[in-house]
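Please read the following report alongside the sequence and the model. It takes the sheet, then the helices, then the chain as a whole.

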Amino acid sequence: MEQRGSLFLDFDIQSCWGDSSFLYFIFNTCLVVLTLFTSFVHHFLRWHLTYTFQLFLAFVYDTRKRRNVDPHQFDAFVSYNVHDEDWVYREMLPVLEGEQGWRLCLHHRDFQPGKPIIENITDAIYGSRKTICVISRSYLQSEWCSREIQMASFRLFDEQKDVLILLFLEEIPPHHLSPYYRMRKLVKKRTYLSWPQAVEHPGVFWQNVQRALQTGDVLTENTDLLTGPT
């Protein structure tokens, strides 16, 4: 009441420093701002930060591998969702491993027990000549599958080698890929294998997979070895 009619600029704030309530006000204000900022980052930037972290891990791993060049342990790492595991074991393994003799790396069979899963993923991708992504709607919704294809695509663009094979297990309209920017970008630039188109002639489909695995490391935008539109 005593300050009524006086200018705000004339207010003496020195008296506030002796009042603990003002300090509490400053502290609570900072806490609220920090909470709002954290909530914003978590809701809108969580995946961007996660992706940046994965790229950093891939960069560190790639640099280490260049210093210690080891032969690839596997011909291909198979990235797939657990809901598609039956197809992988029933359709893919008997042909690629049984008939064609490729060495494949699978999550539940070849990952090292007790090792952090992100390290297992990184070792599998860089320890294989190529990565086969078995893509379905379940795959697109999986956080771990997203990390795997991010790591594999980083290796693709970093090394400029033909190390990534896209295998669509079901028909997925292009507009459904819109939320998955990296996947849609890959599909636009590269041809891919489509299992639904090969159900009547699976032999041709697996021959195309074999030819894709046999190709060298030279990166091409659209290879004629694969089936499916770009």
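## The sheet around strand 1

Strand 1 and strand 2 run parallel and are joined by two bridges, where strands are DSSP runs of E with at least two residues, numbered from the N terminus, and two strands pair if DSSP finds at least two bridges between them. Within this pairing, Phe-77 stands opposite Cys-105 in strand 2. This is a predicted model, in which local features need pLDDT of at least 70 and side-chain atom pairs count only at pLDDT 80 or more, while totals for chains, interfaces and linings use all residues. Residues are numbered from 1 along each chain as its sequence is written, and side-chain values use heavy atoms, with hydrogens and water left out.

Strand 1 also pairs with strand 3 in the parallel sense, over five bridges, and here Phe-74 stands opposite Ser-128. Because six of the six residues of strand 1 (residues 74–79) are buried, this strand is largely enclosed by the rest of the structure; buried means under 20% relative accessible area, with exposed over 50% and partly exposed in between, for a 1.4 Å probe and protein chains only.

## Order and edges

Strand 3 (residues 128–135) continues the sheet by pairing with strand 4 (residues 164–168) in the parallel sense over five bridges, and Ile-135 has Phe-168 in strand 4 as its bridge partner. Taken together, five strands form an open, parallel sheet in the order 2-1-3-4-5. Strand 2 (104–105) and strand 5 (193–194) stand at the edges with a single partner strand each, so one side of each is left without a neighbour in the sheet.

## Helix 4 against helix 10

Helix 4 (residues 85–99) packs on helix 10 (residues 202–214) at an angle of about 65°, with the axes 11 Å apart; axes are lines fitted to C-alpha atoms over the stretch in contact, and angles run from 0 to 180 degrees between N-to-C directions. That makes helix 4 roughly perpendicular to helix 10, a term that covers 65 to 115 degrees.

In helix 4, Trp-87, Glu-91, Met-92, Val-95 and Leu-96 meet Trp-206, Val-209 and Leu-213 in helix 10, where contact means heavy atoms within 4.5 Å. By class, this contact has seven nonpolar, no polar and one charged residues.

## The chain as a whole

The protein chain holds 10 helices and five strands, helices being DSSP runs of H or I with at least four residues. Of its 230 residues, 39% count as buried. Among contacts between residues at least 6 apart in sequence, 77% join residues at least 24 apart.

Conventions
Parallel < 35°, antiparallel > 145°, perpendicular 65-115°, else oblique. Nonpolar A, V, L, I, M, F, W, Y, C, P; charged D, E, K, R; others polar.
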